[in-house]
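Have a look at the structure with me before we go through the entries.

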Amino acid sequence: MPDIARGLEGINVTATKLCRIDGVKGELVYSGYNIYDLAEHSTFEEVAFLLWNQRLPGKTELAELNGRLVSERGLDDVIARLLGELWPHVRPMRTLEIAVEVLGAIDPQSSDLTQAQLKLTAARLTAKMATVIAAYDRLRNGKQPLSPRDDLGHAANFLYMLTGTEPTDLAKRVFDVALILHAEHEMNASTFSAMVTGSTLSDMYSAIASAIGTLKGPLHGGANEAVYKVLDAIKDEQNIAPYVEALLGRGERVMGIGHRIYKTTDPRAVILERLGNEVAETSPDRWYFDLSLKLRDYLGRKLEGKPLYPNVDFFSASVYRMLGIPSDLYTPIFALARITGWTAHLLEQYADNRLVRPNALYEGAENRQYTPIAQRSAV
Ligand code: ACO
């Protein structure tokens with residue numbers, strides 16, 4: 001009996017020049033650049049260029065990309081009207097998924113799979129998805145969506161479109177780094193989903209809609225919102241032990257903990273914890289972050305000996321909360337960052353495509369006699 005690779009664990013499904021992870025050492029590297037260096041020195045736009053071209057941009061190239069992203073931020077009437085219809089009934093992740101499909105439907109170049117066109121599509125999706133989420137949030141709060149501000153970078157403009165005020169320098173930087181940290185992560189459920197759809201030579205929009213649907217689940221990108229709910233339910237340090245004991249007693253998992261690849265703390269969680277410390281200094285919501293630290297310490301003692309450590313979602317929940325972002329936007333924000341990694345993988349996929357078509361071992365019945373419906377039992 002051949003082995004089944006459940007969850008495709010340990011299986012190499014492709015080669016990539018985009019990202020390398022060492023889960024034992026806790027290393028994350030985008031095209032040769034360590035995530036700690038990128039978080040310290042780079043910007044989200046520069047990382048987008050890096051992922052789409054596997055090298056850092058020159059000054060003119062970065063200015064061109066910034067200009068393109070700014071020029072793509074606006075939403076067509078169709079999308080604006082669509083959001084007006086969707087917001088009362090549809091949650092934000094599905095709204096994003098639907099909006100991406102409609103963006104594909106109204107793009108006459110959607111089926112052009114040349115590398116040059118695909119890079120334009122990648123930039124368009126990166127710019128417009130942020131506007132979609134900000135507009136959705138304004139609408140559901142009874143406010144008019146705001147026009148994007150051309151003088152702000154991608155991260156700052158998103159926070160501006162969401163809140164209506166220009167963010168502080170610290171908030172701009174923290175959110176920019178959060179986007180960098182979420183931009184790419186080698187092979188994972190949502191990236192694989194995009195890759196499978198792309199491998200059929202379906203277009204980039206459909207591939208990204210597939211990825212968004214996959215990211216939504218609580219075992220993947222949905223974990224950051226789930227962490228927020230846990231913190232909100234625990235509320236106080238003294239409730240940590242009974243909450244965790246009851247959760248584990250029911251055989252449930254602690255969200256934001258554990259990772260298929262990392263067997264140490266996820267480096268993105270390390271960076272987010274540092275940023276969280278900075279934001280907490282002036283935040284009225286710092287108790288979420290302080291509680292996260294206490295929960296992390298408790299779990300460290302409780303799960304000692306098991307390879308279960310905080311992942312990227314663990315601290316992103318409290319950091320986003322301290323930035324004043326509603327909790328059901330945490331997973332959409334993950335998508336706003338990961339769009340760069342997804343599209344970069346699709347660029348690789350379309351350039352050297354092979355249809356993804358694995359096998360399944362059949363273990364069902366054999367040699368059955370077909371019985372017409374009239375001769376079957378009434379049940
Ligand atoms: N809480 C408690 N126990 C856990 C957790 C957790 N969060 N994660 C894994 N375990 C335990 C399992 O119960 C299992 O225990 P057992 O061997 O005694 O049965 C053991 O650790 C191994 O678990 P697996 O399910 O085999 O590990 P897998 O690699 O499939 O899990 C996953 C990875 C899905 C991320 C898991 O750790 C989890 O569910 N975490 C919580 C959800 C989460 O935070 N997801 C975000 C991941 S990061 C991202 O996608 C961006």
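These are my notes on how the parts of the chain meet.

**Entry: the layout.** I kept in mind that this is a predicted model. I looked up how the chain is divided, and found domain 1 (14-217 + 329-351) and domain 2 (223-322). I then checked the spacing of their centres, taken over C-alpha atoms, and got 25 Å. I also listed the contact itself: domain 1 brings 26 residues to it, and domain 2 brings 26 residues as well.

**Entry: the buried area.** I looked up how much domain 1 and domain 2 bury between them, and the value is about 2,100 Å². Carbon and sulfur atoms hold 68% of that area.

**Entry: polar links.** I counted 1 salt bridge between domain 1 and domain 2. I looked up glutamate 225 and arginine 91, and their side chains meet in a salt bridge at 3.1 Å, N to O. For polar contacts between the two domains, I noted 7 residue pairs.

**Entry: the domain 1 side.** Which elements supply at least two residues each to the side that touches domain 2? I found strand 1 (19-22), strand 2 (27-30), helix 1 (35-41), helix 8 (169-182) and helix 16 (330-351). Helix 8 gives the most, with 7 residues. Last, I sorted the residues of this side of domain 1 by type: 15 are nonpolar, 6 polar and 5 charged.

Note on methods. Residues numbered from 1 in each chain as written. Predicted model: local features only at pLDDT ≥ 70, side-chain atom pairs only at ≥ 80, totals over all residues. Heavy atoms only, no water. Domains from an automatic or database assignment. Contact = heavy atoms within 4.5 Å. Buried area = accessible area lost by both parts, 1.4 Å probe. Salt bridge = Lys/Arg side-chain N within 4 Å of Asp/Glu carboxyl O. Polar contact = N/O pair within 3.5 Å; in protein donor to acceptor, adjacent residues only side chain to side chain. Helix = DSSP H or I, 4+ residues; strand = E, 2+ residues; numbered from the N terminus. Nonpolar A, V, L, I, M, F, W, Y, C, P; charged D, E, K, R; others polar.
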